[in-house]
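Student: Could we go through this structure together, one piece at a time? I would like to see how its parts are arranged.

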Amino acid sequence: MQRRRSLSSISSRLTVLLGFLAGVSHAFADGPQSIPSILAPASTPAHEIYGLSLFVLLITGSIFVVVGGLLAYVIVKFRYRESEGQHEPAQVYGSVQVELAWTVIPILLVVVLFLTTARIIFAIQDAPKPASALDVTVVGHQFWWEFRYPALNIVTANELHVPASSAPTYLRLLSADVDHSFWVPQLGGKTDLIPNHPNEMWIDPRQPGLYLGQCAQFCGVEHAKMLLRVYVDTPEQFTAWVKNQQQPAAQSAPQDNAVAAGRHVFETQACVNCHTVAGTAAVGRFGPDLTHLMSRATIAAGAATNTPENLRAWIQEPDHFKPGVLMPAMQLSDEQIDQLVAYLTTLH
Ligand code: HEC
Ligand SMILES: [Cu+2]
């Protein structure tokens with residue numbers, strides 16, 4: 001009885017696992033969306049790293065098969081047999097050939113692995129930067145990403161937009177506080193954002209879509225909720241996005257009372273010390289730029305979708321989505337929060 005129950009629970013777990021695997025492979029089949037997989041590279045550096053990882057897997061896999069195979073063969077072939085009695089097998093001490101072989105072959109393999117890895121690292125790092133490259137400065141903050149496009153005069157947060165084209169995007173990686181690491185597995189390797197030590201990396205995705213990533217260096221309590229979204233836009237989408245981001249913040253019609261009241265709350269509370277809304281008195285730099293807040297699909301570095309309900313819950317109690325977040329709960333009245341949300345949702 002006991003046994004039957006455990007068997008059925010195992011089989012139900014297997015079903016769940018198989019369902020999960022089917023979901024995973026289905027998500028791969030869908031293209032770039034949904035799963036940040038190193039197995040579906042979509043940009044030159046990611047392709048090169050993927051090729052290298054297959055090569056390393058081939059070599060180490062062959063070693064595993066040869067060593068495991070020999071071991072299995074020996075265990076079976078020379079197992080204890082009743083008929084052969086108790087005598088010890090022949091003892092062999094020191095064989096120059098065998099010892100040379102198992103010293104030299106691993107050394108050669110390590111040299112080959114080292115050289116191929118070094119070649120890929122340098123090929124990626126030393127790739128000449130074309131004049132048409134797009135420059136983006138990425139600043140890691142506890143626990144969100146700031147993206148600045150110096151040539152385009154754009155500042156945004158958490159959702160990076162790049163054009164799908166032959167021109168690569170060069171990311172200059174900085175940090176405002178502690179170490180972070182920029183990692184979008186389908187687009188490139190991990191590169192750390194280190195205070196006072198700018199790093200650089202580049203990506204050149206050709207297929208439009210959404211690519212997900214994650215801060216890959218523990219940076220504090222909310223590190224796990226420091227997600228990254230990279231939108232690879234068609235050239236037309238990108239131009240439209242740039243045009244919208246370059247506008248100053250939307251101005252509401254003066255007769256819209258709730259919005260005007262919300263703006264007043266925003267500008268008279270500490271919000272302005274930490275947030276920028278271009279074209280207003282709010283010029284804080286500690287938190288994300290809110291000028292085009294509503295052009296983003298998520299808030300709080302992917303911790304919640306960007307809906308009026310979530311904005312409300314966020315302002316009321318940021319810890320609700322991200323315990324330990326560096327935005328304080330401001331103890332505002334329900335009415336003030338409603339007004340703030342009315343204002344924020346005009347910022348397209
Ligand atoms: C002490 C600085 C500080 C103050 C004051 C502050 N915020 Fe924030 N705010 C932050 C930080 C930091 C984040 C990013 C949190 C994260 O994602 O980890 C943030 C995130 C946000 C976001 C989400 C933005 C996005 O794109 O993810 C909104 C909306 C927001 N704040 C609105 C407000 C409003 C409204 C007020 C005033 C009532 C306010 N904040 C006051 C620091 C602050
Ligand atoms: Cu981080």
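Student: Which residue stands opposite Glu159 in E10?
Tutor: Glu159 stands opposite Arg229 in E10. Before we go on, please keep in mind that this is a predicted model, in which local features need pLDDT of at least 70 and side-chain atom pairs count only at pLDDT 80 or more, while totals for chains, interfaces and linings use all residues. Residues are numbered from 1 along each chain as its sequence is written, and chains are lettered from A and ligands numbered from 1 in the order in which they are written.

Student: How many bridges join E4 to strand E10?
Tutor: There are 5 bridges between E4 and strand E10 (residues 227-233), and the two run parallel. Strands here are DSSP runs of E with at least two residues, helices are runs of H or I with at least four, and both are numbered from the N terminus; two strands pair if DSSP finds at least two bridges between them.

Student: And is E4 covered on one face or on both?
Tutor: Both faces are covered, with Glu159, His161 and Pro163 buried on one side and Leu160 and Val162 buried on the other. A residue is buried if 20 or more other C-beta atoms, placed from the backbone, lie within 10 Å of its own, exposed if 12 or fewer do, and partly exposed in between.

Student: New topic: in what order do the 5 strands of the open sheet come?
Tutor: The order is E3-E2-E1-E5-E8, and the pairing is mixed. Strand E3 (154-157) and strand E8 (199-203) stand at the edges with a single partner strand each, so one side of each has no neighbour in the sheet.

Student: What joins E1 to E5?
Tutor: Strand E1 (residues 134-141) and strand E5 (residues 169-175) run parallel and are joined by 7 bridges, and Val139 stands opposite Leu174 in E5.

Student: Where is Gly189 found?
Tutor: Gly189 is in the loop between strand E6 (180-183) and strand E7 (191-193). It counts as partly exposed because it has 19 C-beta neighbours inside 10 Å. The C-alpha atoms of Gly189 and Glu48 are separated by 9.7 Å, although these residues are 141 apart along the chain.

Student: Last one: how many residues surround ligand 1?
Tutor: 32 residues surround ligand 1, and the closest are Trp144, Cys271, Cys274, Gly287 and Met327; a residue belongs here if its C-beta atom, placed from the backbone, lies within 6 Å of the molecule. Helix H6 (271-274), helix H7 (308-316) and helix H8 (334-344) are the elements that give two or more residues to this shell.
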